[in-house]
Amino acid sequence: MQATVGSFRPFKLLLPTGLAAVLLGSSLIAAITPAVAAVTRVGTVAMPSAAVVCTSASHPALAAGLARDIQAALRGRSSTVALWVDDPKDGLVCSRNGTAHFDSASVVKVTILGAVLRKALDQHRYLTSTEVSRLRAMITQSDNNAASALWAQLGHAYLQHFLNLAGMKQTSLGPGGYWGLTQITAHDEMLLLRLLLTPNAVLSPASRAYGLSLMAQVIPSQRWGVPAGAPTSVVVHVKNGWLPRATHGWRIHSIGGFTWSTGWYSIVVLTQDNPTMAYGVTTIQAIARAVHHDLNPAAKSVIPAATANPAWGTPDERIPALPGIP
């Protein structure tokens, strides 16, 4: 079955000889085994403040200036922040706490998206109409029921297989059906965005284009975070996550790729210890504006920082207190 999403034309995820689409079971797996529940999650451990490190062999002055500007954006903020900036055009990489772990909240939905696309390739088939519907709801509206159904359909074994293919060695899947407790790092989220932004052996060009098209259609109320300050001339592909827990306050994350006809760059910002959702969004947007400004100094028109929305403050998902998982 071919899939059409919005204005995205019907596509095939693999070359001819596609198999018949099969809809797999999608019951939510919510139980946690005692062994898994007893694991101490790295994401709950407070991490020391770290310097922003930016490097570029071809543009050392740009790298040094961007490091200063990001550090300035962080000044006075109580958020615990990890970030990664990946700009192949300028040969520039910036990182801070890049290997520190955080509860993923809904940014893990991009991992689920990638795994669904890869599984269809493995099975030499198109996406099913149900997969298309769930993927669209999960990415563009951050629909939790759709995410839970796809998570259960894939299963932990296949999700781990996808992580292995993607080289995301620092990512640890959430227990049972708790996808929002997946442990992620800024480094691995950068690798995930690269899978969508560059040719690779894991995802086909059509799969990548489809995934990016969904991330470009996220609803307005969820387009806060790393898009702030981006030139209006680029296409923004974004996914955010927002989750409060008893320890370390609100987890507020934003990951995004920024593309134009001849290039791209990406920004990942993961945060916790935010007293409110709005506080975390403000932290991320201050960082994003510094990055976009320094990478695009000639831009005459930029995307404004998002202002508080009535939906802010409502958790993207609700996770009950779990034994051994603060």
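Analyst: Helix axes here are lines fitted to C-alpha atoms over the stretch in contact, and angles run from 0 to 180 degrees between N-to-C directions. Helices (H or I, at least four residues) and strands (E, at least two) are DSSP runs numbered from the N terminus. This is a predicted model, where local features need pLDDT of at least 70, side-chain atom pairs count only at pLDDT 80 or more, and totals for chains, interfaces and linings use all residues. Residues are numbered from 1 along each chain as its sequence is written, and side-chain values use heavy atoms, with hydrogens and water left out.

User: Helix H2 (residues 60-74) and helix H8 (residues 277-295) pack with their axes 9 Å apart, at an angle of about 160°. What makes H2 roughly antiparallel to H8?

Analyst: Angles under 35 degrees count as roughly parallel, over 145 as roughly antiparallel, 65 to 115 as roughly perpendicular and the rest as oblique. About 160° is over 145, so H2 is roughly antiparallel to H8. H2 also passes H8 in a right-handed crossing.

User: Which residues of H2 make the contact?

Analyst: Contact means heavy atoms within 4.5 Å. On the H2 side they are Leu 62, Gly 65, Leu 66, Asp 69, Ile 70, Ala 73 and Leu 74, and among the H8 partners are Ala 286, Ile 287 and Ala 290. By class, the contact has 10 nonpolar, two polar and two charged residues.

User: Why is Asp 86 called buried?

Analyst: Buried means under 20% relative accessible area, exposed over 50%, and partly exposed in between (1.4 Å probe, protein chains only). Asp 86 has 4%, so it counts as buried. Arg 194, at 34%, lies in between and is therefore partly exposed.

User: What makes Arg 251 and Asp 103 a salt bridge?

Analyst: Their side chains are 3.0 Å apart, N to O, and that is within 4 Å, so they meet the cut-off. Arg 251 is in strand S9 (residues 250-260) and Asp 103 in strand S6 (residues 102-103), so the pair ties together parts 148 residues apart in sequence. Both Arg 251 and Asp 103 are buried. Salt bridges with shared partners join Asp 103, Arg 245 and Arg 251 into one network.

User: Last one: how do you know that Val 110 is buried?

Analyst: Val 110, in helix H3 (residues 108-122), has a relative accessible area of 1%, which is under 20%, so it is buried. Leaving aside neighbours within four places in sequence, the contacts of Val 110 include Ile 139, Leu 192 and Lys 239.

Technical notes
Left-handed = near helix turned anticlockwise from the far one by under 90°. Nonpolar A, V, L, I, M, F, W, Y, C, P; charged D, E, K, R; others polar.
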